[in-house]
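Please have the sequence and the 3D view open as you read.

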Amino acid sequence: MTDSQDSIALVDDNVYKTLLESTKAIPWKIDWETMQFSYIGPQIEQLLGWSPESWLSVNDWVERMHPDDQQWVVDFCVSQSKSGIDHEADYRAKTINGDYVWIRDVVHVVRDADGEVESLVGFMLDISERKETEQKLLDLQKELENLSFKDGLTGINNRRMFDTAIEQEWKHAQRSKQPLSILLIDIDFFKQFNDLNGHVQGDECLKKVSLTLSEAATRSRDFIARYGGEEFVMILPETDLLSAQKIAERCQQLILRLQIPHLDSEASQLLTISIGLGSVVPEQNDEYMTFLDCVDQALYVAKQRGRNCIVHVDDIDLSNQTVRG
């Protein structure tokens, strides 16, 4: 190569280096045999605080990585590099102050004339802002999912969530041969309450009732939802009839304890509830909709009997039903 060609090559190298070091992407190169950094862009110091001179080997790269990311990132990058496969890895890099920055490492495997891995070259990209945006989107998605299963007024589970929960608990009861109890709860003469007190007071009443009913069943798998209008439903897994009866009575007592006046009620001068109750150990061929219909009939009978009472499924004529109570 002539002096003229050498000069041109040097100029080209300087131009490329200037271009590389003027971008936000941080260029680097590692010698495969020694696992030493032969180059890393000066932008690394602005991003992480570590000077380019402090990046001596891959050990520095590993040690300046979040402990939770080290193992899988190293294993992945080494295996891909050995196979000669270009790859990318997202991980958290440690700053000189002890904070962490999300990095995307884009790696290209360079081979020699014999096809052996000679070096690794790549770019480190700061993707912290992108990761933050992704997390916000995930949080928003989770919030929207939660809202889609919550009743907008009372904040407890809605009918959609109930449909999911009852199907799961029914299948679990079938497998475990354990009893499953359902309470259908209706606020007595709620239309009259609304007519007398107005819908604002009616909404406040629904909120108080939902919160109070939530206190009646305290086990982690006990489930309550707003079933519709002034109706609520409670799923009590692994609960027999006697235990469910006690919870139903507790629901009534807690509602009475609220001392909400209901002057237009034919059942009491205070707000009361009627409850339809059923308990079953479902067989494989039983369907929860049939059982739920039986509990609904029990609630209907409770209303027919003057309200402010509890009626069991096995207290009414279910001769046309196949579910065992």
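## Ground rules

Two strands pair if DSSP finds at least two bridges between them. Strands (E, at least two residues) and helices (H or I, at least four) are DSSP runs, numbered from the N terminus.

This is a predicted model, in which local features need pLDDT of at least 70 and side-chain atom pairs count only at pLDDT 80 or more, while totals for chains, interfaces and linings use all residues. Residues are numbered from 1 along each chain as its sequence is written, and side-chain values use heavy atoms, with hydrogens and water left out.

## Strand 6 and its partners

Strand 9 (residues 273-280) pairs with strand 6 in the antiparallel sense over eight bridges, and here Leu180 stands opposite Val280. Strand 8 (residues 231-237) is also an antiparallel partner of strand 6, over seven bridges, with Leu183 opposite Met234.

Eight of the eight residues of strand 6 (residues 180-187) are buried, meaning under 20% relative accessible area with a 1.4 Å probe, protein chains only. Leu180, Ile182, Leu184 and Asp186 point one way, and Ser181, Leu183, Ile185 and Ile187 the other.

## The nonpolar cores

A nonpolar core is a set of buried Ala, Val, Leu, Ile, Met, Phe, Trp, Tyr and Cys residues joined through side-chain atoms within 4.5 Å. The largest has 28 residues, of which Leu183, Ile185, Leu213, Met234 and Cys251 touch the most other members. Helix 9 (241-257) gives the largest share of this core, six residues.

Apart from this core lies another, of 26 residues, among them Phe162, Ile166, Leu292 and Cys294.

Definitions and conventions
Buried means under 20% relative accessible area, exposed over 50%, partly exposed in between (1.4 Å probe, protein chains only).
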